[in-house]
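Please look over the sequence and the model below before reading on.

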Amino acid sequence: MEKIASFTIDHIRLVPGIYVSRKDRIGAETVTTFDIRMTAPNREPVMNTAEVHTIEHLGATFLRNHPQWKDRVIYFGPMGCRTGFYLLLAGDLESADIVPLVKEMFTFMADFEGEVPGASPKDCGNYLDMNLNMAKYLSRRFLNEVIHNISEERLVYPQ
């Protein structure tokens, strides 16, 4: 079998950033999959499930309520390796196109106060596995270390 696209990326050289993972055509529409990489693979500890779960709830809620982007959001969720998230958007897009959106989303998460949306037994299958404080810390770290001064090396996969 052929390797899938995400397994062809050099994870040894990959740094946190926003990358176009793939583009797929569905009828006349293009769907762009973004790799929002929050930790350096195989060099930094992975995120724990509680903060990943919290970021998923906050990020999905933010994106699906965003006035400009909500109708283009297909999916936001964690990578199995727990080093980041996938964001699927309708449209033929590049990483630089979504930097303002990602900055806004991570600012929302870093500053979030209150009950995590959907964190109840009625709304979620694992509602107790949440860590808002760590999700806020990781969101702030990603903003400060990656997003605020994002460079080309953090927008295009290493060759």
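What follows is a short report on selected side-chain features.

## Basis of the model

This is a predicted model, in which local features need pLDDT of at least 70 and side-chain atom pairs count only at pLDDT 80 or more, while totals for chains, interfaces and linings use all residues. Residues are numbered from 1 along each chain as its sequence is written, and side-chain values use heavy atoms, with hydrogens and water left out.

Helices (H or I, at least four residues) and strands (E, at least two) are DSSP runs, numbered from the N terminus. Burial follows relative accessible area, where buried means under 20%, exposed over 50% and partly exposed in between (1.4 Å probe, protein chains only).

## Salt bridges

Searching the whole structure gives 8 salt bridges, each defined as a side-chain nitrogen of Lys or Arg within 4 Å of a carboxyl oxygen of Asp or Glu. In one of them, Glu-44 pairs with Arg-141, with the closest N and O atoms 3.0 Å apart. This pair links distant parts of the chain, 97 residues apart, since Glu-44 lies in the loop between strand E2 (29–37) and helix H1 (49–64) and Arg-141 lies in helix H3 (residues 132–147). Glu-44 is partly exposed because its relative accessible area is 27%.

Arg-141 also forms a salt bridge with Glu-145, at 3.9 Å between the closest N and O atoms; both residues belong to helix H3 and are 4 residues apart, about one turn of the helix. Glu-145, at 53% relative accessibility, counts as exposed.

Another salt bridge joins the side chains of Glu-113 and Lys-136 at 2.6 Å, N to O. Here too the pair links distant parts of the chain, with Glu-113 in the loop between helix H2 (95–111) and H3, and Lys-136 in helix H3, 23 residues apart.

The 16 residues of H1 should span 22 Å at 1.5 Å a residue, which agrees with its end C-alpha atoms being 22 Å apart; the expected span is 1.5 Å times one less than the number of residues. Among the buried residues of H1 are Val-52, Ile-55, Leu-58, Phe-62 and Leu-63. The buried residues of this helix pack against E3, strand E4 (84–90), H2 and H3, contact being heavy atoms within 4.5 Å.

His-66 is located in the loop between H1 and strand E3 (73–78), and it is buried, with a relative accessible area of 6%. Its side chain reaches the backbone nitrogen of Gln-68 at 3.1 Å. Not counting residues up to four places away in sequence, His-66 touches Leu-101 and Glu-104.

## Aromatic pairs

The structure holds 5 aromatic pairs, meaning rings of Phe, Tyr and Trp (its six-membered ring) whose centres lie within 6.5 Å; planes under 30 degrees apart count as stacked, over 60 as edge-to-face and the rest as tilted. The rings of Phe-76 and Phe-85 have centres 5.1 Å apart and planes at 10 degrees, so this pair is stacked. Phe-76 is buried at 4% relative accessible area, and Phe-85 is buried at 0%.

For Phe-106 and Phe-142 the ring centres are 4.7 Å apart and the planes stand at 45 degrees, so the pair is tilted. It links distant parts of the chain, Phe-106 in helix H2 and Phe-142 in helix H3, 36 residues apart, and both residues are buried.

Key:
A polar contact is a pair of N or O atoms within 3.5 Å; within protein, one must be able to donate a hydrogen and the other to accept it, and residues adjacent in sequence count only if both atoms are side-chain atoms.
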